[in-house]
Amino acid sequence: MRDVVIVGTGTIRFGRYPDLLLEDFAADAVNEAITDAGIDPGRIGIGVFGHSQGGRVAGQRVLRELALTGMPVLNVENACAGGGTALHVGWMAVTSGLHDLALVVGMEKMARGLIPANPGEYEAFLGKTLPAKYALRARKHMDTYGLTVEQLAMVSVKNHHAGALNPLAHYQKEISLEEVLASRPVAEPLTLLQCCPTTDGAAALVLAGGQAATTAGRTPVRIAASALLSGRYRNLAKDGISSDDDIAVRVGQAAYEMAGVGPEDIDVAEVHDAFTVGEILAYENLGFCARGEGGRLVADGATGLGGRLPVNPSGGRLSLGHPLGATGVVQVVELARQLRGECGPRQVQGAKTALAHVVGGSTPGIGSGASAVHILMR
Amino acid sequence: MSDAAAGPTIRPRIGRWHVAADGAVTLVGTHCRDCGETTFPDRRICPRCRSEATEERRLAGPARLHSATVVHQVERGMAGPMTVGYGELEEGVLVLAPIDHDEPPEAGTLLDLHVGITGVDENGEPMTTYRFRARPVRRGGA
């Protein structure tokens, strides 16, 4: 395995683009990443595209708009973890030595409303929506550890504060704790402003290895770890952990081991806050705090901008937006730019080590279908 | 054994249930003869050890409420707000089901299984599922 560095980043402003095709706005993100990398795009060895709703050969359709045709292109689907999965595949292509330059794209043009369930997701036909899945996890945490509705809401306040400083975020507006709590209930205790909005978006990365890594133009950011896992059967009563927490703990440990660092070394992180409680659980599963302490971590300000470990400086899913396949890539675009010191008023000063975490694909029997954790270092 | 009282399998993976002559509802799960795991819905292959030495196991309840939520933005074909939650059966199996009450019972509350209409399917036909309701608390300590 050889080092893989991020030499180019690109992202559109996330938002709603009813009049644009996926191809239109995704091509803009790709173009920016290629320009940022300062490479001849004809040298790109492979393109990997993460998306769930883009339809057949969406990656090729995007590249056609840029006259970048003929290269091997993979379209990968892993629900909300699709972007992290695409990055993992691109990383494999480069670290293996098979390709010197890989283009990784996460993109999605979202349908409105709830994400429809797969036919086999039998719990959905009993009334468990995706927000309800997280609401149930929140309820359990409240009962077990005393997590409060205010602490949950603080995640949204914090992430909207960061999003207000990010010109690429869907919602660039501060919101108050009272507004979060007073917004309409979606699945109790989660209110509307604790659930990610419906957002279109696309983001792109150029990865380089070998000679290409040393000749590219911008400050290189190294991918110190790329870990991808799928959920496994767990019986909470017998195993003492749910499938959803189990995959998060395992994928975090795998990434820390690969990078040779621990949670205490992370300077800035992007975690999967599709719902507020998701961020609280990520703190605990990734070792940012002890089990049960996640609510206090956000309440103490430790994960806000200026805190000990700023989490979701982009605004996160709650404010930046969460176009499924785009998320895992735009998180890493944000973190690469943080490590380069390019993030202006939301810059985490002196950040050297960053962690990105995505999870997706609620599946009864195995919990989350996929989760990816990437650790970046400069 | 003919099973005329078995519930309809409207959704192939929703999980099967059985209604006895006295009205008692049991869920149709799977017990693994190799590792002892009990699962619901029923499966041919044990999800823990991949053994095919599995047999049907009826799961009776009551369940103890593990967690519950009131869903306001509901799935298609359902009317909100509706309460859903996980109940833990004696066999250590977590089962998700709609709960009859507008307010979720407290964690640990005993839940009985019954069968009722949970919504309508894509043809507008009533959709029958297993459901939970809190076991009435005996008053007076008798």
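Mentor: For sorting lining residues, Ala, Val, Leu, Ile, Met, Phe, Trp, Tyr, Cys and Pro count as nonpolar, Asp, Glu, Lys and Arg as charged, and the others, Gly among them, as polar. The model is predicted, with pLDDT of at least 70 needed for local features and 80 or more for side-chain atom pairs, whereas totals for chains, interfaces and linings use all residues, and side-chain values use heavy atoms, leaving out hydrogens and water. Residues are numbered from 1 along each chain as its sequence is written, while chains are lettered from A and ligands numbered from 1 in the order in which they are written.

A cavity is a set of points, on a 1 Å grid over the protein atoms alone, where a 1.4 Å probe fits but cannot get out, and its lining residues have an atom within 4 Å of a point. Among the 14 residues lining the largest cavity, R137(A), D244(A), A248(A), H357(A) and V359(A) lie closest to its centre. Helix α10(A) supplies the largest share of this lining, four residues, where a helix is a DSSP run (H or I, at least four residues). By class, the lining of the largest cavity holds six nonpolar, six polar and two charged residues.

The second largest cavity, of about 50 Å³, is lined by residues including T11(A), N166(A) and R346(A), and helix α13 (residues 324-340) of chain A gives the most to that lining, with four residues.

Conventions: On a 1 Å grid over the protein atoms alone, a cavity is a set of points where a 1.4 Å probe fits but cannot get out, and a pocket is an open set with protein on both sides within 12 Å along at least five of seven lines; lining residues have an atom within 4 Å of a point. Helices (H or I, at least four residues) and strands (E, at least two) are DSSP runs, numbered from the N terminus. Grid points are joined across faces, edges and corners, and a volume is the space filled by probe spheres set on the points.
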